[in-house]
Amino acid sequence: MAAHRKPGPSPLGRPAARTALTLVLASAAGATLFEGSGHADPARPDRTPAQVRAEVDRLYQQAEAATERYNGAKEQATAARTSFDELRDEAARRTERLNTARRSLGAVATAQYRSGGLDPAVQLALTSDPDQYLRRAALAEKAGDRQAATVTAVRRELAVLAQLRAESTGRLSALRGHETELRRQKAVVLGKLTAARELLARLTAEERARYEAAVAARSGPSAPTYATARPGTATASAPASRADRASGDRLPVAAATGRATAAISFARAQIGKPYVWGATGPSGYDCSGLTQAAWRAAGVSLPRTTYTQINAGRRVSRSELAPGDLVFFYSGISHVGLYIGGGQMIHAPRPGAPIRIAPIDEMPFAGATRVA
């Protein structure tokens, strides 16, 4: 018979081993946490000015991506609200028709009750004028046909109303879902903008001036200030300088024709207005709000968001760009501008930076679309 040894104590049962294992697991969890976060806490005090500037740029780009998601959720919520209201109005109209038919049936029933509901043969036997009775009976039969039709109409309206109520319940549920997403994306945008503002506040006046000069060098002459804007309110920013407006006037757009010319003319007239996230004008715009408004002025209806506008026309390569084309940036298609020729575009950059002319090289190019 084989010998059986008594199992020795588990290594995990020893206090020292358990402590070591705990430390290993804690270290692994901490490493995973830091790897998953991707970026350090924006409030970390040991950042260099260069790291702060890089983080601010990243936060603004993320805020713009969230703004486009907010715009999409707002569009869906608006459509769901319109659809729900239409169903509710249709249900109200049909309910009124149903009530009218019911009142008609009620009046007939009351009249029959008051007449005693005598058998037709008995009524014929008792009448002193059989010919008159028969004429009235024929009319009563026609009335009975109309009554039967009314009953059928009532049943049909009841079925339609049941269907409308079921559809309304579904539309209301969808509406609430879109409104929840709208609030979530708004919170994301405001959170990113607040974090960027707090980081900028940690820079010295000299460091901030260098940062703003670097932004101006990338985007053309302007003097931005960085303040958080809520939907429908203007961002505090310096107005475009005369040089900023004049630089736009010097850029040729001779290649633009027809509707593209009208879109570019509208966009030029907006130069100097503030970036306002979620806005479509007329006092301020976000990036896709500006391009949508510009092409609307040219008689073309564009969808609201960057990731839908890119599919609103024919895709063109960078080498094929012509004035009026929509140019898109970043891998998530989170920014758009209106190309005006010469490697330049008009766009609404981000909070604190007014609408301006800028080179398309200042951001990672993602694609272009020709609307008309």
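Apart from neighbours within four places in sequence, Ser168 is in contact with Phe84, Leu87 and Arg88. The model described here is predicted.

**Ser168**

- Ser168 belongs to helix H4, which spans residues 130-201.
- The relative accessible area of Ser168 is 12%, and Ser168 therefore counts as buried, since the cut-off is under 20%.

**The sheet**

- Six strands form an open sheet in the order E1-E6-E2-E3-E4-E5, and their pairing is antiparallel.
- The edges are taken by strand E1 (314-316) and strand E5 (356-359); each has a single partner strand, so one side of each lacks a neighbour in the sheet.
- On average, neighbouring strands of this sheet are turned by 40° against each other, with direction ignored.
- In general, strands of a sheet pair through backbone hydrogen bonds, in either a parallel or an antiparallel manner.

**Strands E3 and E4**

- Strand E3 (residues 335-341) pairs with strand E4 (residues 344-347) over 3 bridges, in the antiparallel sense.
- Across this pairing, Leu338 stands opposite Ile346 in E4.

**Helices on the sheet**

- Helix H7, comprising residues 259-269, lies across E3, E4 and E5. Helix H7 runs at about 110° to E3.
- Helix H8, comprising residues 287-297, also packs on the sheet, where it touches strand E2 (326-329), E3 and E4. The direction of helix H8 makes about 45° with that of E3.

Note on methods. Residues are numbered from 1 along each chain as its sequence is written. This is a predicted model: local features need pLDDT of at least 70, side-chain atom pairs count only at pLDDT 80 or more; totals for chains, interfaces and linings use all residues. Side-chain values use heavy atoms; hydrogens and water are left out. Helices (H or I, at least four residues) and strands (E, at least two) are DSSP runs, numbered from the N terminus. Buried means under 20% relative accessible area, exposed over 50%, partly exposed in between (1.4 Å probe, protein chains only). Contact means heavy atoms within 4.5 Å. Two strands pair if DSSP finds at least two bridges between them. Axes are lines fitted to C-alpha atoms, for helices over the stretch in contact, and angles run from 0 to 180 degrees between N-to-C directions.
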